[in-house]
Amino acid sequence: MFNKVLIANRGEIALRILRACKEMGIETVAAHSTADADAMHVRLADQSVCIGPPASRDSYLNMHEIVAACEITGADAIHPGYGFLSENAKFAEILEAHGITFIGPTSEHIKTMGDKIMAKQTAQRLGIPVVPGSDGAVTEDSEARRIAADIGYPVIIKAASGGGGRGMRVVNSEQEMEVALQTTRTEAGAAFGDDAVYIEKYLGKPRHIEVQVMGDGKGMGVHLGERDCSLQRRHQKVLEEANSPALTPEQRDKIGMICANAVGDLGYSGAGTIEFLYEDGEFYFIEMNTRLQVEHPVTEMITRIDLVNEQLRVASGQEMSFSQKDVRFQGHAIECRINAENARTFVPSPGEITYYHPPGGLGVRVDSGVFTGYKIPPYYDSLIGKLIVVGRNRAECLNRLRRSLDEFVVGGIQTTLPLFQDLVRNDDVIAGDYDIHWLENYLAQTG
Ligand code: MV4
């Protein structure tokens, strides 16, 4: 196992990683920007190193400063968290060259999954169901029209280097194809330096369901069930739950085992998430994320497996602490992302938290780094914490979530807590009856 891990991230996830390290007797180094000198994880870490000014590109994205911080402190591994350098193949490659362990998959696996065309071809080869569409990149109008006529309109054009909702365009008829193809290519070239695009059948009312996987890098893969992340706004997830209210145990086992076997065959190492659109009882692969995700706690709450602990084990060459037969899904968990934003306009609300009272009690977990007197800097993502609630079933989970939200007080700034107060009392949310467009429609209707 590692002696010392450098945490190349900030906020709640930096604290989450620090906690796992502490429980495993691993020393920690917090690599932080000047704006985060007073952060909770910096105070709790064994050592801290300032890696630059507030702007992310000069600190949390500054590979050379981070490698230098590693060498100064003698850290033998880096945990990248999510965002920032977590899916940067070049960073993983640099660390490989420096003999520092990147806590995540190989740079090759990151590269493959970062290219959405390669990712889809790899998924298909491994037996994962994919969305019908072009076999690889499409360059000619005639080819695009032939494929679209074949699968039927509407179709969606996606940039190979896009992902997470960037570089996509829906095409409703053949007349729109030429302009749409040209525009998407040009935009992709400008945004990603790669104008390769591909075509898929457009699914109109899917759910977003993702499967948590882990590989040991030696051919063993496991799945930890799925999360339903359909409640989102502008490709930002708002509320996530495990299990998905839409799946039966048989469906879970089937898609889960397909993913577990695929990850094993790939020789994948560490935690990953295989994202699907789910419509009319069918799964369609869209992307694979090669990092720990924001919403990983809902999986932890229903499996009682510490995903960061397992990442550290696998990255250091140990076996995972469990195998597939040990995985049991018990109860139901929901996560609410608490952002420092106005709950209706989503305008960021940085500043001083003058009062902070998180909820507690049975089945309640709050992952956050904030406290009374903490000043939220304006330079980063507005996520300030996550409320995660677990119950023996979905109804109990929702009751517990309602009372937890009633207890949660954050003063001095605006947060998204009032939105959740409304959502947990909505009939569709209570019934689990929503797709990826539900929240945006709800927000448009309720003003
Ligand atoms: C789609 C789709 C419909 N059909 N692909 C958006 C993010 C990116 N990961 C994939 N996305 C979509 N791909 C096909 N063939 C609809 C979306 C989509 C979406 C997906 C997941 C969660 C929220 C979404 C919101 C709008 C569109």
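Here are a few friendly notes on the domains and salt bridges of this predicted model.

1. Some ground rules: residues are numbered from 1 along each chain as its sequence is written. Local features need pLDDT of at least 70, side-chain atom pairs count only at pLDDT 80 or more, and totals for chains, interfaces and linings use all residues, while side-chain values use heavy atoms, with hydrogens and water left out.

2. The chain is split into domain 1 (4-86), domain 2 (132-201) and domain 3 (207-446), with bounds from an automatic or database domain assignment. Over C-alpha atoms, the centres of domain 2 and domain 3 lie 30 Å apart.

3. Where domain 2 meets domain 3, seven residues of domain 2 are in contact with four residues of domain 3 (contact: heavy atoms within 4.5 Å).

4. The structure holds 33 salt bridges. One of them pairs Glu 87 with Arg 291 at 2.4 Å, N to O; the two sit 204 residues apart, Glu 87 in the loop between β4 (77-79) and α4 (89-98) and Arg 291 in the loop between β13 (282-289) and α10 (296-303). Helices (H or I, at least four residues) and strands (E, at least two) are DSSP runs, numbered from the N terminus.

5. Glu 287 and Lys 116 also form a salt bridge, at 4.0 Å, N to O. Glu 287 is in strand β13 and Lys 116 in helix α6 (residues 116-125), so this pair ties together parts 171 residues apart in sequence. Glu 287 is buried at 12% relative accessible area, and Lys 116 is buried at 7% (buried: under 20%; exposed: over 50%; partly exposed: in between; 1.4 Å probe, protein chains only).

Methods. A salt bridge is a side-chain nitrogen of Lys or Arg within 4 Å of a carboxyl oxygen of Asp or Glu.
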